[in-house]
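Please open the structure in your viewer and keep the selection tool at hand.

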Amino acid sequence: MNEKRRTLLKAVGGSTALAALAGCISTGGDGSDGGDGSDGGDGSDGGTTGSARLWTDLSDAEDEALTGYIDQYESETGNTINKEAPGGELDQQLETAIPAGDGPDSWIWAHDWVGRFAVREDPPFLYDASDDVDVSLDSYTQAAREAAQFNDGLYGLPFASETAALYYNADMVDEPPETLEEMVAVMEEHHDPENGQYGLSFPGVDPYLASGFIQAYGGDLFDEGTLEVGVDSDECKQGMDALETLYKYMPADPGYESQIVAFSDGLAPFAINGPWELGNLSGEVENLGVTTLPTVDGNHPRSYSGIQLFYFSSMLADADQSTVDAATGLAEWYTTNEEIIQTNATEQGFIPVLTDVVDNGDLSSEVQAFARQVDHGVPMPSHPGMNSVWTPVTEALERVFNDEQDSDAALDQAASEIREAL
C-alpha cells in the first residue's frame, strides 16, 4: 500500500471473516503440479486465446519480476496481458477510467478496496468471478480467501500478505532491538541531522505504516464489526506517544522517498517499511536484517496487514469470454504457482498465502520476520467506511509531525471528521 502503495497500502487486511462463497468453486487448475502452472487452468478456453489489461503500481523490483512472469504466462497460454502503470494514485485513476469505460480488466492492490468497490453500483467497479474461476479457494489461507470475497462475491485472487516491520543495518546495529527503549538507545547513538545522519527512516505519517504503534495499546482506528471510530480513544492516544518518540529521529521530510533513501544510503540504522522494499534494499544495504516491530510497554505493535490481490474489474462484465479467461487465467496461474510464490518470498519478501508454500517451512528469515509481525498485527479493515479514515488520520499525523498541533487534539479532530463523513 509505500506511498505508491496505499498510499498505500493501507493496507491490507479485512478484520472480520467475509461471507463465504455461495456455491462451490471446483478444484483443479491450481497450477500446483510441479509449480509450472501448466495443468490446464490457464484461462485458454479450448484453445481460444484472448487479451486483457492489467494495471499495476509496484516497486521497480516487483515490476521487473512480474513482467517476467507475464511473459511466461503468455508463452504457455497464448493469451496477451497488456500491463500498464497508469500513474498517480491508482484508485483515482480507476475512479476516472471505469465510468468512462476505459478501465483495466484487472489490477493489483491490497484487499482493503474490496468492500469499498463491491458496493458501487452506478457504475459497478468489480466483477464477481465465482462462475469463471477454476481453482479451489482452499488453496489459500483462510485470511486470504476471506479477503477476496464480499457478500457472496469473489472479486479477486490473493497472492501475498504484507505488513510493516523493522529493517536494520547489521553493520550499524549489533543486535536487533526487542523493545522501543532498546531501539531508542541505538537511534540516539546515530542521530546527527546536522551531518546528514538519522536514527530512523520511516514514512511515519502514513497511517498504514504507523498503525502498529497507534494501535499498540489495544485501540483500533476503525472497528469494522461495530463501525466505531477509535481514532480518539485513550488507547490510540497512548500509542501516539510511542509514534511521536519515533518522529524525533526521522529526516525532516516525512515523505516516502525522502525517508527510504536515508536507510538505503546507509545514513540510518533502522527503517520501518513493508516487504515490497526488500528486493530494493537487499541490493543497497549489504548486511540487511528484518525483525518484528519493537514492543511498547510490553505490547507488540498491532500493525495493519494486507492481502495483495489480482482484482477482477467490472470491465469484464461486457468483455468477450476470451478476455475474461485471460484475466482470470493469469490470476489463477500466478496465485497457485508454487515456484512463483516461493521465488517472490525469497526475492521480494512477499509473505505467502498459498497453503502449500506456507506449510513447506522453506521461507527466509526476512519473510519469517514479516510473517511474525502479521501474527502480532490486525487485518486492515475492508469495510467501505474505512475509506473515510485514511485522509483525516494522515492529515492529523502530518500536523503532529510538523509540530502544528498537539497529538490529542489532532486525533480528536480526525475522529470528528471521520464520524461526519461516515
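Select Lys83 to begin: this residue is partly exposed, because its relative accessible area is 26%. The model is a predicted one, in which local features need pLDDT of at least 70 and side-chain atom pairs count only at pLDDT 80 or more, while totals for chains, interfaces and linings use all residues. Residues are numbered from 1 along each chain as its sequence is written, and side-chain values use heavy atoms, with hydrogens and water left out.

Which interaction do the side chains of Lys83 and Asp63 form? They meet in a salt bridge, at 2.9 Å from N to O. This pair links distant parts of the chain, 20 residues apart: Lys83 belongs to strand β2 (residues 80-84) and Asp63 to helix α1 (residues 60-77). A salt bridge here is a side-chain nitrogen of Lys or Arg within 4 Å of a carboxyl oxygen of Asp or Glu. Helices (H or I, at least four residues) and strands (E, at least two) are DSSP runs, numbered from the N terminus. Asp63 is partly exposed, since its relative accessible area is 25%.

The next stop is a group of charged residues. Select Asp91, Glu95, Arg116 and Arg120, which are linked in a network of salt bridges. Arg120 lies in the loop between α3 (113-118) and α4 (142-147), and Glu95 in helix α2 (residues 90-97), so the pair ties together parts that are 25 residues apart in sequence. Arg120 is partly exposed at a relative accessible area of 27%, and Glu95 also counts as partly exposed, at 28%.

Is Asp91 buried or exposed? Asp91 counts as buried, because its relative accessibility is 13%. Asp91 is found in helix α2. Apart from neighbours within four places in sequence, Asp91 is in contact (heavy atoms within 4.5 Å) with Trp113 and Arg116.

Follow the chain onward to Pro123, which lies in the loop between α3 and α4. The peptide bond leading from Asp122 to Pro123 is cis, with omega near 0°.

Two residues with positive phi come next. Asn151, in the loop between β4 (149-150) and β5 (153-154), has a positive phi of about 45° although it is not a glycine. Asn151 is exposed, with a relative accessible area of 58%. Asp152 lies in the loop between β4 and β5, and its phi is near 75°, a positive value in a residue other than glycine. Asp152 counts as partly exposed, at 40% relative accessibility.

Turn now to helix α8 (residues 256-264), where Tyr256, Gln259, Ile260, Ala262, Phe263 and Ser264 are buried. What do the buried residues of α8 pack against? Their partners are β7 (165-169), β8 (200-201), α6 (207-214), β11 (270-273), α9 (278-282) and β12 (288-291). Just after α8, Gly266 takes a positive phi of about 75°.

Select Arg419 and Asp232 for another salt bridge, in which the closest N and O atoms are 2.9 Å apart. Arg419 lies in helix α15 (residues 407-421) and Asp232 in the loop between β10 (228-229) and α7 (234-247), so the pair ties together parts that are 187 residues apart in sequence. Arg419 counts as partly exposed at 41% relative accessibility, as does Asp232 at 21%.

Finally, display the whole chain. It has 15 helices and 14 strands. Of its 422 residues, 58% count as buried. The chain exposes about 15,700 Å², of which carbon and sulfur atoms supply 40%. A search of the whole structure finds nine salt bridges.

Note on methods
Buried < 20%, exposed > 50% of the residue type's maximum accessible area, 1.4 Å probe, protein only. Areas by Shrake-Rupley, 256 points an atom, 1.4 Å probe, with all protein chains shown as cover.
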